[in-house]
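In this notebook I record what I looked up in the structure, entry by entry.

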Amino acid sequence: MHSRNVWHAMSGPGFLLSSWPWRSAGYLLTGAVTGGAALVLIAATAAAGAVLTVVLVGIPLLVLAALAGIPVAWVERHRMRLIDADPAVDPHRAPLAHGLWAWLTTRMREQATWRELGHALLFAVLLWPVDALVVAVALLCPLSMVTTPLLMATVGGGQEAKVLKQWTVTTWPVAFGIAVLGVVLLMLGAYALGVVAGARAGLTRLLIAPREAELGTSVVELTRSRLRLVDAFEAERRRIERDLHDGAQQRLVGLTMTLGLARLDAPLGPVADQLARAQEEADEVLAELRELIRGIHPKVLSDHGLPAAVADAADRSAIPVDVDLALSGRLPQAVEAAAYFVVREALTNAARHSGASRAEVSGGHRDGRLFLQVRDNGRGGADARAGTGLTGLADRVSALDGRISLSSPPGGPTLLRVEIPCVRTDRSA
């Protein structure tokens with residue numbers, strides 16, 4: 001089974017033969033390099049800023065030093081992928097405006113910026129030497145011991161070899177014994193590398209990852225933004241429906257009446273026939289436009305609510321539909337629109353694809369939720385992922401914190417359930 005992080009890998013067999021020990025060593029080794037570089041840059045920037053503050057040139061340098069934790073945290077989030085498949089989430093918000101000043105003010109006001117600065121200082125002063133020390137003790141020292149026979153045969157001319165530059169080995173049995181001991185220590189060091197790397201990554205995630213409160217705020221803001229998008233979408237649909245209803249449709253009605261009057265005044269002959277055909281074409285265009293307007297946002301839904309709109313959709317369905325909706329009062333506009341279009345899509349699919357001879361729409365509002373069911377007696381086998389149009393509607397319902405479930409076994413029946421949390425409103429019908 002594929003391990004998602006170094007802790008999971010160490011808990012199972014095959015750790016020593018996997019890539020995880022080397023990934024752990026790479027994580028600690030790059031940490032030593034990154035921490036040393038961070039120490040030099042932060043110290044140099046802060047020192048230069050402190051010296052040059054008297055001439056105001058140092059103030060931008062001090063600001064850069066204060067923001068040094070941001071790039072260090074960015075590097076750390078990418079380095080953590082060496083030993084953890086779950087990346088750390090970036091806690092920073094997007095600025096509300098464009099430009100350097102908006103970005104700077106946003107970052108300076110965030111708690112995450114100062115936590116990342118604290119992490120960068122801890123990393124630059126304390127953590128990277130620990131990384132370097134662990135790599136040296138757990139990896140480099142055992143490797144040096146493993147190569148003792150090779151060093152004795154080459155550098156020592158077969159006479160002697162230095163072990164860790166401390167002890168001299170002069171016999172081959174001792175040299176090979178040191179090599180075997182190095183292999184054992186290398187195996188133990190692999191686990192030590194994994195433990196230290198996992199602990200380092202956990203500490204880093206604790207310091208630079210967003211807090212639960214920040215995540216909760218982000219989730220709330222995301223939910224609100226989705227609701228605002230849904231409301232804006234519905235408002236735009238209603239605007240288009242009004243413009244077509246009050247504009248293009250009325251002009252087409254006027255054109256049809258004008259053509260009808262012209263037919264009455266024209267003598268029998270080719271001109272009258274052409275006027276008749278033009279009036280028929282105008283009538284067909286008007287009918288198509290009315291159907292388009294009803295598809296964009298039915299006026300009956302805005303004026304009379306969901307039960308009337310569902311009843312209207314049932315009357316226009318190609319198969320008989322029984323409607324049983326126990327709804328009183330009005331629901332939020334976005335909820336009514338989403339529920340209506342789900343019902344209409346389900347009825348359209350039932351008529352076109354299922355071979356059903358009858359369908360039923362039922363539901364009601366209870367316990368602060370709208371419940372709808374659309375059932376047909378067709379052949380079943382429906383799949384929402386097969387391009388039936390329900391996928392987009394499911395996303396739309398999900399934006400309202402609702403859900404859609406589809407049950408359609410081969411042979412039928414097909415049952416579509418919709419559940420959306422909402423409260424009744426006092427909008428007039």
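**Entry 1: a strand pair.** I looked up leucine 406 and found that its bridge partner in E7 is leucine 416. Strand E7 covers residues 414–421, and it pairs with E6 in the antiparallel sense over five bridges. I note that two strands count as paired if DSSP finds at least two bridges between them. Helices (H or I, at least four residues) and strands (E, at least two) are DSSP runs, numbered from the N terminus.

**Entry 2: the source.** I am working with a predicted model, in which local features need pLDDT of at least 70 and side-chain atom pairs count only at pLDDT 80 or more, while totals for chains, interfaces and linings use all residues. Residues are numbered from 1 along each chain as its sequence is written, and side-chain values use heavy atoms, with hydrogens and water left out.

**Entry 3: the sheet.** The order E3-E4-E5-E7-E6 describes an open sheet of five strands with mixed pairing. Strand E3 (321–326) and strand E6 (403–407) are the edge strands, as each pairs on one side only. On average, neighbouring strands of this sheet are turned by 10° against each other, direction ignored. The axes for such angles are lines fitted to C-alpha atoms, for helices over the stretch in contact, and angles run from 0 to 180 degrees between N-to-C directions. Strands of a sheet pair through backbone hydrogen bonds, either parallel or antiparallel.

Entry 4: Arginine 403 and glutamate 419 meet through their side chains in a salt bridge (3.3 Å, N to O). The term means a side-chain nitrogen of Lys or Arg within 4 Å of a carboxyl oxygen of Asp or Glu. Arginine 403 lies in strand E6 and glutamate 419 in strand E7, so the pair ties together parts that are 16 residues apart in sequence. Buried means under 20% relative accessible area, exposed over 50%, and partly exposed in between (1.4 Å probe, protein chains only).

**Entry 5: further salt bridges.** I found that the structure holds twelve salt bridges. One of them joins aspartate 84 to arginine 205, with the closest N and O atoms 3.0 Å apart. This pair links distant parts of the chain, since aspartate 84 is in the loop between H4 and H5 and arginine 205 in helix H8, 121 residues apart. Aspartate 84 is buried at 13%, and arginine 205 is partly exposed at 25%.

**Entry 6: helix H13.** H13 comprises 20 residues (333–352) and should span 28 Å at 1.5 Å a residue; its end C-alpha atoms are 28 Å apart, which agrees. The expected span is 1.5 Å times one less than the number of residues. Because 14 of its 20 residues are buried, H13 is largely enclosed by the rest of the structure.

Entry 7: Serine 354 is in the loop between H13 and strand E4 (359–366). I found serine 354 to be buried, at 8% relative accessibility.

**Entry 8: leucine 122.** Finally, I looked up leucine 122, which lies in helix H6. Leucine 122 is partly exposed, with a relative accessible area of 31%.
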